[in-house]
Amino acid sequence: MQLLDGKKTAEDIKSEIAIQVQKMKADGQKVPHLAAVLVGSNGASLTYVGSKVRSCQQIGFESTLVSLAEDISEVELLAKIKDLNEDDELDGFIVQLPLPKHIDEQKILMAIDPDKDVDGFHPTNFGKMALEMETFLPATPYGIMELLERYKVETAGKHTVVIGRSHIVGRPMSILMSRKGYPGDSTVTLTHSRTKNIEEYTKNADIIITALGVPNYLKADMVKEGVVVIDVGITRVEDSSHPKGYVITGDVDFENVSKKASFITPVPGGVGPMTIAMLLKNTLLAREMKRNK
Ligand SMILES: Nc1nc(=O)c2c([nH]1)NC[C@@H]1CN(c3ccc(C(=O)N[C@@H](CCC(=O)O)C(=O)O)cc3)C=[N+]21
């Protein structure tokens with residue numbers, strides 16, 4: 001079994017980007033600038049946005065955190081997004097999800113300028129991704145593709161089973177794995193909450209990508225020997241014996257599934273850190289696109 005070390009790989013990618021930033025500086029160029037919009041103060045969201053900002057500092061990007069009140073109206077948030085779209089200093093921005101219930105997420109994501117949509121969530125960018133055009137790939141699926149590539153995991157002709165059809169992970173993942181070229185060319189089955197006899201699929205899968213958010217869902221008896229397992233689940237499970245009061249738990253029964261797997265991602269330290277690294281990579285791309293315009 002080989003561990004797909006997302007933490008280490010993310011550090012490698014950040015170092016590569018930092019070198020690019022140094023070159024930009026030496027050339028007297030503007031460095032990439034990322035903004036993150038955070039509505040309210042959900043604990044997990046604060047952690048993620050915090051590490052995004054810290055990573056920017058680490059590699060020499062400029063970053064801006066836009067903190068807005070939980071009870072901000074949809075109209076006010078749309079106005080804020082318009083400001084960010086028009087801000088020439090900014091190369092890209094993200095609106096941290098989930099948003100409070102009184103705000104229509106779809107409407108917000110549609111309002112982001114596709115050229116600044118470094119999350120790749122705008123329908124224009126999602127469409128380009130599906131059509132195999134160059135664009136911002138959603139950071140989590142992009143991070144998974146990058147891990148597969150850097151560890152040279154074979155994907156062509158393999159049966160990939162994706163569990164979960166969310167707009168930000170499962171659905172784009174199923175598209176990327178079926179795209180032409182490496183690391184794609186896979187035969188994909190997208191399973192979800194209405195799938196019957198899911199083990200029939202997982203037992204026959206060469207690659208399994210779980211994005212459910214159900215701790216320890218994928219068990220050893222659901223997979224075949226030699227399977228590649230990518231665990232996108234990140235659930236905070238309360239645990240008073242830990243200093244933070246919780247432990248981060250994935251969708252996979254790691255202890256037992258890892259005994260059968262050829263490659264597997266840990267949680268934490270797998271897909272999560274890769275998500276942040278790829279967001280930074282998208283921001284670098286946004287800067288380059290803007291410069292070449
Ligand atoms: N507009 C938007 N874009 C996102 O990309 C986005 C989002 N909203 N909302 C929430 C999800 C989740 N997400 C994570 C990023 C990093 C870790 C990460 O680094 N996790 C660490 C553990 C961190 C911890 O202690 O919680 C790890 O897995 O090793 C996890 C999850 C980005 N998301």
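Start by selecting helix 10, which gives the most to the shell around the ligand, with four residues. Helices here are DSSP runs of H or I with at least four residues, strands are E runs of at least two, and both are numbered from the N terminus. Before moving on, note that this is a predicted model, in which local features need pLDDT of at least 70, side-chain atom pairs count only at pLDDT 80 or more, and totals for chains, interfaces and linings use all residues. Residues are numbered from 1 along each chain as its sequence is written, and side-chain values use heavy atoms, with hydrogens and water left out.

**Stop 1: the shell**

Now show everything around the ligand: 16 residues surround it, the closest being Val-95, Gln-96, Leu-97, Asp-119 and Gly-269. A residue counts as near if one of its heavy atoms lies within 4 Å. Colour the shell by class and you get nine nonpolar, four polar and three charged residues. In this scheme Ala, Val, Leu, Ile, Met, Phe, Trp, Tyr, Cys and Pro are nonpolar, Asp, Glu, Lys and Arg are charged, and the others, Gly among them, are polar.

**Stop 2**

Pick Asp-119, where a side-chain N or O atom is 2.6 Å from a ligand nitrogen. Next comes Gln-96, with a polar side-chain atom 3.0 Å from a nitrogen of the ligand. Taken alone, the ligand exposes 680 Å², and the protein buries 85% of that (Shrake-Rupley areas, 1.4 Å probe).

**Stop 3: the domains**

Colour domain 1 (28-113) and domain 2 (139-273) separately; these bounds come from an automatic or database assignment. Their centres, taken over C-alpha atoms, are 28 Å apart. Each domain contributes at least three residues to the ligand shell.

**Stop 4**

Last, display the open sheet with strand order 3-2-4 and parallel pairing. Two strands pair when DSSP finds at least two bridges between them. Strand 3 (62-68) and strand 4 (92-95) are the edges, each pairing on one side only. Neighbouring strands are turned by 15° against each other on average, direction ignored, using axes fitted to C-alpha atoms. Strand 2 (residues 33-39) is joined to strand 4 by four bridges; click Leu-34 to find its bridge partner in strand 4, Gly-92.

Technical notes
A polar contact is a pair of N or O atoms within 3.5 Å; within protein, one must be able to donate a hydrogen and the other to accept it, and residues adjacent in sequence count only if both atoms are side-chain atoms. Axes are lines fitted to C-alpha atoms, for helices over the stretch in contact, and angles run from 0 to 180 degrees between N-to-C directions.
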